[in-house]
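Please examine the sequence and the three-dimensional structure shown below. The explanation after them is meant to be read alongside both.

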Amino acid sequence: MSDRCTLIVNPVSGGYSETAVRAAVDALRRGGLAPHLLLTGGPDDAAVFAARLCAQEEHPFVIAAGGDGTVNGVLNGLEPGRATLGYIPFGTANVLGRELGLRSAGDAVARIVRRETRPLATGLLEGFGVRRRFFLMAGIGFDGQVVEGVRSDEKKRFGAGAYLLSALRTFAAWDRRPLEVEADGVAIPCHGAVICNAARYGGPFVLAPGASLFQDGFRVVLIRNPSRWRYLFLALRVVAGRGAGCGVSVLSARRVTVGGNKPVQVDGDFICHSPVTVTAEADFARLVV
C-alpha cells in the first residue's frame, strides 16, 4: 500500500472543525503517510473526487472524513476492487464508526496508520435509471418516506430533529399499501423493508443482528403489519435493545427485488421510488479496521 493517501473532507459535517482536521493530518504524517486534502463543496463532490483518484491511481488510498453520507459519496465514486478506504468520524450519527468500534477521530487515525484492512461488502441498488451503492442500509416504504419528506429549512434549524418532524407527518398521512418484495427468488408480502448491510441503524441502535460490513449478503428486515402502531412499537423495541418483536421477519438474502411505488432511501439519503433491485457485492474495497 502506498504512503500517499487522500482525505476527502466534508466541512459541513456535524463534527467538523479545522483544528480536528489539522490534528488528523499531523498524526497521519507522523505515522509515515503523505496525506493530500480535498474539501467538498457540495453533495456530489465526494464521488467526483473519488472517481478522479481512481482515474489517476491504480490502487488509491482514500480516507473519508465526515459522516456516513460522506462515506457513501466516496463509495459511489470508487471502482470495485481497487481502493483502500479509511474513515475518520466527523459526522453526527457516525454509524460506520459504531460498527467499527471507533472511540474517537484519534482512534480512527491510529488505525489508518496501522493500515490493517478487511474486504468491505456493499450493496448495489438499481432502478429508474438510478445506480447507487450503500454500505449501511436501503430502506423502502416508511423510512424512505420519512427521509424523502425531510424539509431543508427544518434540517438547517433542527438537525436530526427534522427527521422526527417528517416521521410525524408520515404517521398523519399513513400509506397502508402493501410492498412487493422478493428475496433470493422467494416472494414475501409485507408493508416495509430495510435491507441491512450493517447491524446498526440511525446510530447505536441494533436493527439487524448478524448483519456485517464484511459478509457477502444482507439481513433483510420486513415489516409485515401495515399498522402505524407496529412501526412505533418496533422503534421502541429497537431503541430499548429488545429486537424487532412480532410482526417483523428478518431473513438473509443476496438479491432483493422490490416492486410497487414507494420511496427509497440509501444510507440516509432519498434516492428514488421503487421498483428497485438490490444486489450484494463482495470485496468492493479494502476497509481500514
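The following paragraphs treat a helix, the nonpolar cores, a loop residue and a sheet in turn.

This is a predicted model, in which local features need pLDDT of at least 70 and side-chain atom pairs count only at pLDDT 80 or more, while totals for chains, interfaces and linings use all residues. Residues are numbered from 1 along each chain as its sequence is written, and side-chain values use heavy atoms, with hydrogens and water left out.

Helices (H or I, at least four residues) and strands (E, at least two) are DSSP runs numbered from the N terminus. Helix α1 comprises 13 residues, 18–30. From its first C-alpha to its last it reaches 18 Å, close to the expected 18 Å, where the expected span is 1.5 Å times one less than the number of residues. Its buried residues (under 20% relative accessible area, 1.4 Å probe, protein chains only) are V21, A24, V25, A27 and L28. They cover an arc of only 165° around the axis, which puts them on the same side of α1; the arc is that of the directions from the helix axis to the C-beta atoms. An α-helix has 3.6 residues a turn, so residues three or four places apart point the same way. On the other side of α1, the residues E18, T19, R29 and R30 are exposed, that is, over 50%. The cover over the buried residues of α1 includes β1 (4–9), β2 (34–39), β3 (61–66), β4 and α5 (105–114). After α1 comes G32, which has a positive phi near 95°.

A nonpolar core is a set of buried Ala, Val, Leu, Ile, Met, Phe, Trp, Tyr and Cys residues joined through side-chain atoms within 4.5 Å. The largest has 64 residues, and V74 and I88 have the most contacts inside it. Leaving aside residues up to four places away in sequence, V74 touches (heavy atoms within 4.5 Å) I8, A46, A47, A50, V62, A64 and L85. A second, separate core of 25 residues includes L222, V264, C272 and A280.

The loop between β4 (84–89) and α4 (95–100) holds N94. This residue is buried, at a relative accessible area of 14%. With residues up to four places away in sequence not counted, N94 touches G66, G67, D68, Y87 and P89.

An open sheet is formed by six strands in the order β14-β13-β10-β7-β16-β17, with antiparallel pairing; two strands pair if DSSP finds at least two bridges between them. β14 (248–253) and β17 (269–273) stand at the edges, each with a single partner strand, so one side of each lacks a neighbour in the sheet. Within the sheet, β7 (residues 137–140) and β10 (residues 192–196) pair over four bridges, and A138 has I195 in β10 as its bridge partner.
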